[in-house]
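Thanks, everyone. Please have the model open while I talk.

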Amino acid sequence: MSNALTSPLPDRGSCLCGQTAIEVRETCSPHIVCHCSDCHALSALLISYVACPISAVTITFPCLRYYDTVAASGNILHRQFCGGCGANIAHTSDRLGEKIVVDTARLPRFKEVPIDMEFFVKDKWQGLKPIEGAKQFEMMHE
Ligand SMILES: [Zn+2]
Ligand SMILES: [Zn+2]
């Protein structure tokens with residue numbers, strides 16, 4: 001999905017404490033919001049992410065921490081967190097291959113990018129309405 005974004009690449013952001021920095025050098029899609037119980041536990045009520053080629057992403061991490069989880073699909077996700085403040089940064093998995101899923105809340109350019117899909121709407125908090133224009137999925141997690 002191509003969007004006419006006004007913010008230039010690369011997109012750069014950092015975690016709450018500033019020790020972990022992330023740079024994304026390509027436009028990646030789809031932009032996904034996930035409502036699964038793991039996303040609730042690791043971040044907040046809404047977590048937004050995008051899968052990008054690993055070659056297009058640089059994470060600068062003096063103190064990154066790792067934690068593996070098993071997704072509903074059975075896929076093992078290798079999650080990366082800032083060791084300074086605990087912010088969720090990204091994850092990889094064998095199934096994703098040469099891609100890395102980055103949390104778009106750290107990337108200011110994504111403020112302009114519409115949400116394309118919502119995953120795990122079966123677990124969505126009832127106070128949240130469907131995001132306009134976003135395709136709804138009962139489950140899904142790659
Ligand atoms: Zn941090
Ligand atoms: Zn999720």
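Three strands make an open sheet here, in the order β1-β2-β5, and they pair antiparallel. Please keep in mind that this is a predicted model. Strands β1, residues 11-14, and β5, residues 57-60, sit at the edges, so to speak: each of them pairs on one side only. On average, neighbouring strands of this sheet are turned by 10 degrees against each other, ignoring direction.

Now look at one pair in detail. How many bridges join β2 to β5? There are four, with β2 covering residues 21-24 and the two strands running antiparallel. As an example, alanine 21 has threonine 60 in β5 as its bridge partner.

On to the other sheet. It is open and has eight strands, and the order is β6-β7-β8-β9-β4-β3-β10-β11. The pairing in this eight-stranded sheet is mixed. Its edge strands are β6, residues 64-70, and β11, residues 135-136, and each pairs on one side only.

For a parallel case, take β3, residues 32-34, and β10, residues 117-119: three bridges join them. Valine 33 has its bridge partner in β10, namely glutamate 118.

Last, the annotation. An unreviewed UniProt entry lists residues 11-132 as "domain: CENP-V/GFA".

Methods: Residues are numbered from 1 along each chain as its sequence is written. Chains are lettered from A and ligands numbered from 1 in the order in which they are written. This is a predicted model: local features need pLDDT of at least 70, side-chain atom pairs count only at pLDDT 80 or more; totals for chains, interfaces and linings use all residues. Two strands pair if DSSP finds at least two bridges between them. Axes are lines fitted to C-alpha atoms, for helices over the stretch in contact, and angles run from 0 to 180 degrees between N-to-C directions. UniProt positions are given in the numbering used here, feature names are shortened, and annotations may be inferred rather than shown by experiment.
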